[in-house]
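User: Could we go through this model together? I would like to start with the overall picture and then move on to the details.

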Amino acid sequence: MAKSLTSHRPILAVALKLSALFLFTSMSALVKALSEDFPPGELVFFRSLFAIPVIVIWLVARGELIQGFVVRKPMGHFWRGVLGTAAMGLTFTGLSLLPLPEVTAIGYATPIFTLILAAVMLGERIRMIRIGAVAIGLLGVLIMIWPRLGSSEMELAATIGAMCVLGATFARAFVQIHIRQLVQVDHPAAIVFYFSMTATLLSGLTAFWGWTMPTWEQAAILIAMGLIGGVAQILVTSSYRFGQASMLAPYDYTTMLFAIFIGYVWFDELPTFAILIGAALVIVGNVVVIWREHQLGLERGNARSLSDHKP
């Protein structure tokens, strides 16, 4: 019998997840710092390209390199790459126009939009508890973006930034739906590897619209950005080997603390009251969804257990 690759080690799982989230937030801060000198497409290119060697080394270490190359649904990986690259590009654009905590807070809407798309595209049933959670989350999103919907020229950049980040959350929601379908036919290693490859190729096409030649110092930071992103992806993936998704999901919201700290120290930014209230409502909506999914999982497990014990 093959040895299981998973085990219940909650402290290690939480440590890996928090480390990954801190690295992801730090990577976003690097993107924001570099966005004054480089277009979003170029930033996406370096973020994707230099994550590839990290991912390959990880796959070799896990003995999954072959699985990482084999795909049964190539066009599915292409469209996953298109959506993921669009989400990354829109997020990077938003980081150039909005404070780091604000981008982080609006990004919390992704699970809410994923739930809506799952009902529309996959026919998943949404009962009253989750409908209420969606309503709370959408109210939080509205509170966050409403101050950015101004009409003056001074507010135009912030409005564009808010719309870009909101668009990125929609794109990531589509990605989540797409991954649910891909994992039924292809190995997760292939999904991770081919996304980085597709994102590198697609973002590389933006060079025709003009890229900036980096200095040696800037090149080092761009490479570090990609390496950090690759390591963070591995850490967050590894965390789920040692802890359940329902247990780890609430820790996602520590990124707000990381974003507030880094935003204040590095960029002299602080979240507005509207952002804090809106983010709190979105988090409440997401936590309700997580709790409800956990309850449904327990109910399905009990039903299977009763079925197995029937004579």
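User: How much accessible surface does the protein have, and what share of that belongs to carbon and sulfur atoms?

Analyst: The accessible surface comes to about 16200 Å², and 70% of it belongs to carbon and sulfur atoms; such areas come from the Shrake-Rupley method with a 1.4 Å probe, and for residues only the protein chains shown count as cover. Please keep in mind that this is a predicted model, in which local features need pLDDT of at least 70 and side-chain atom pairs count only at pLDDT 80 or more, while totals for chains, interfaces and linings use all residues. Residues are numbered from 1 along each chain as its sequence is written, and side-chain values use heavy atoms, with hydrogens and water left out.

User: How many helices and strands are there?

Analyst: The protein has 14 helices and zero strands, where helices (H or I, at least four residues) and strands (E, at least two) are DSSP runs numbered from the N terminus. The radius of gyration is 20 Å, close to the 19 Å that the globule rule gives for 311 residues, so the protein is as compact as a globular protein of that length; the radius is taken over C-alpha atoms, and the rule is 2.2 Å times the number of residues to the power 0.38.

User: What percentage of the residues is buried?

Analyst: Buried residues make up 44% of the 311, with buried meaning under 20% relative accessible area, exposed over 50%, and partly exposed in between (1.4 Å probe, protein chains only).

User: Which residues have the most contacts inside the largest nonpolar core?

Analyst: They are Leu-43, Phe-92, Met-144, Leu-222 and Met-225, in a core of 45 residues, to which helix α9 (residues 153–182) gives the largest share, six residues. A nonpolar core here is a set of buried Ala, Val, Leu, Ile, Met, Phe, Trp, Tyr and Cys residues joined through side-chain atoms within 4.5 Å. A second, separate core has ten residues, among them Ala-51, Ala-189, Val-192 and Phe-193.

User: And what does Leu-222 touch, leaving aside its neighbours within four places in sequence?

Analyst: Leu-222 is in contact (heavy atoms within 4.5 Å) with Leu-34, Phe-38, Leu-43, Phe-46 and Pro-214.

User: Switching to charges, how many salt bridges does a search of the whole structure find?

Analyst: The search finds four, a salt bridge being a side-chain nitrogen of Lys or Arg within 4 Å of a carboxyl oxygen of Asp or Glu. One of them joins Lys-17 and Asp-252 at 2.9 Å, N to O. Lys-17 lies in helix α1 (residues 10–34) and Asp-252 in the loop between α12 (245–248) and α13 (254–267), so the pair ties together parts that are 235 residues apart in sequence.

User: Is Lys-17 buried or exposed?

Analyst: Lys-17 is buried, at 0% relative accessible area, whereas Asp-252 is partly exposed at 27%.

User: Where does Glu-102 lie, and where is Arg-148?

Analyst: Glu-102 and Arg-148 form a salt bridge with their closest N and O atoms 2.7 Å apart. Glu-102 is in helix α6 (residues 100–107), and Arg-148 is in the loop between α8 (128–145) and α9, so this pair ties together parts 46 residues apart in sequence. Glu-102 is buried at 4%, while Arg-148 is partly exposed at 24%.

User: Last topic, the surface: which residues make the nonpolar patch of about 440 Å²?

Analyst: Val-120, Met-121, Leu-122, Phe-170 and Phe-174 make that patch, with α7 (110–121) and α9 each giving two or more residues. Patches are made of residues with over 30% relative accessible area and no salt bridge, like charges being joined within 9 Å and nonpolar side chains (Val, Leu, Ile, Met, Phe, Trp, Tyr) within 5 Å. Leu-122 sits in the loop between α7 and α8 and is partly exposed, at 32% relative accessibility.
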